[in-house]
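Okay everyone, thanks for coming.

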Amino acid sequence: MSSYYTTRVVDFNDTWQKKRLADFLGRLNLSFDSDTEYTLVIEKDDRIIATASFAGKIIKQVGIDEEFQGQGITSALLDPLIKEMLLRGRDHIFIYTKPIYEGIFITLGFKIVARVVPYISLLEWGSYSIKKYINYLEENRSFEVGTEAAAIVVNCNPFTLGHRYLIQKASQENQGLYIFVVKEDRSLFPYHVRLDLVRKGVADLRNVCVLEGGDYIISSATFPAYFTREKDRVKVQTILDIEIFAKFIAPALGIKKRYVGEEPYCDVTRQYNKTMKELLPSKGIELIEVERKGVEGSPVSASFVRECIRKDNWDYIKKLVPESTLDFLQSQEAQSIIERIKTTHSRH
Amino acid sequence: MRITRQARAGSLESSDLMVILKPLKQGEGIILEVNSIVKNQYEGRIKQAVMDVVKQMKLDDVYIIVQDRGALDCTIKARVETAIKRAL
């Protein structure tokens, strides 16, 4: 690329720079996500001709002015962006793009994880890969090959008697049961705490194996907004997630059934369950929706437990969580989490 | 010799390569992963070039990721050497 081009880091405090970026993205039908950490632009004659950003381990908002496409701008843009991510210790990187643009990212070393044609492809780069995650699963396969196993994906923020009820039911109905704990750390209870409380909460069930959800099970909360209109976004995200589950995770562990709890509150989860019901059977996996356990007439949910924590309603919390979770909530370690729950109104 | 921190050298531009080094625990040896647009034809050559430098500098317990876009042997060796010196 010639020296007439300048690469610049966007200063988010500069409203003029931000507006110029937003205008450029707008022309490409992209929008600026509020969780964006770092943005690069390439300029020519004082006008933006290309941009890319990242948030966490995900590259997003990649856009190049049509006039300048096909001139090696993508590598000039992504090379410094990836270097910055590496400096920040992120050496496993994801990008979402449309299937028609996969090629340019593959030449930079990205590998396809999964795609939903024509909407979206998920690609990854760096020190970790879906292959390595599958190896982790196969190494942790706890039941003999040929055993028909079931799976449940949980966030457990925190682990309640509702989770316990669903897991116990599935463990009784199957020879083996795998529990995947969502790794994405966007919850008030941090991942290691959630994982630990799940392990303790199911310790007495012999045929239950708790595994890390990794980056490949419901981790795309960070799904960039721009591929589809909002309305379709959840649907496409869900299809991609189900595709990865059915294509890689279920075969690695011999999973034939997936259990979910009925969702009374959250629209996104309800949509997710509905899409699974439509798609999983055609991929040889049965979806079983279990009615939520109720306590005094209302369904037990982790969000309700957090609500009770906000109100210091400990008598009620005792009815909603097992002893292991209660012990944790009353420990010193939990105090900072409880503090945070009380001061935020985060849904998660 | 062992490295002490993660380091990188090179770029993702055409005809170049990016080398990333990560320290491994003592006794874990050398893990080399090569990803290249010409992997089918030249994987062996690329590995050879990387290992030449690694052996010459007597490096051990390192995880090496090579992201190649058709670099020449001399470029590969220079990038690996730079990455090692940055990682010490």
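So, the lining of the second largest pocket: 12 of its residues are nonpolar, 8 polar and 3 charged. Here Ala, Val, Leu, Ile, Met, Phe, Trp, Tyr, Cys and Pro count as nonpolar, Asp, Glu, Lys and Arg as charged, and the others, Gly among them, as polar. Quick caveats: this is a predicted model, where local features need pLDDT of at least 70 and side-chain atom pairs count only at pLDDT 80 or more, while totals for chains, interfaces and linings use all residues. Residues are numbered from 1 along each chain as its sequence is written, chains are lettered from A and ligands numbered from 1 in the order in which they are written, and side-chain values use heavy atoms, with hydrogens and water left out.

The space comes to about 650 Å³, counted as what probe spheres set on the points fill, with points joined across faces, edges and corners. Strand 4, helix 2, strand 5 and helix 3 of chain A each give the lining at least two residues. Those are DSSP runs numbered from the N terminus: helices are H or I, at least four residues, and strands E, at least two.

Now the sheet in chain A. It's open, with 7 strands in the order 1-2-3-4-5-7-6 and mixed pairing; pairing takes at least two DSSP bridges. Strands 1 and 6 of chain A have a single partner each, so one side of each is left without a neighbour in the sheet. Strands 2 and 3 of chain A pair antiparallel over 7 bridges, and Leu40(A) stands opposite Ala52(A) there.

Over to chain B, which has 2 helices and 4 strands, running β-β-β-α-β-α from the N terminus. Its 4 strands make an open, mixed sheet in the order 1-2-4-3, with strands 1 and 3 of chain B at the edges. Strand 3 of chain B runs parallel to strand 4 of chain B, joined by 7 bridges, and Ile31(B) sits opposite Tyr63(B).

Technical notes:
1 Å grid on protein atoms, 1.4 Å probe; cavity = no way out; pocket = protein on both sides within 12 Å on 5 of 7 lines; lining within 4 Å.
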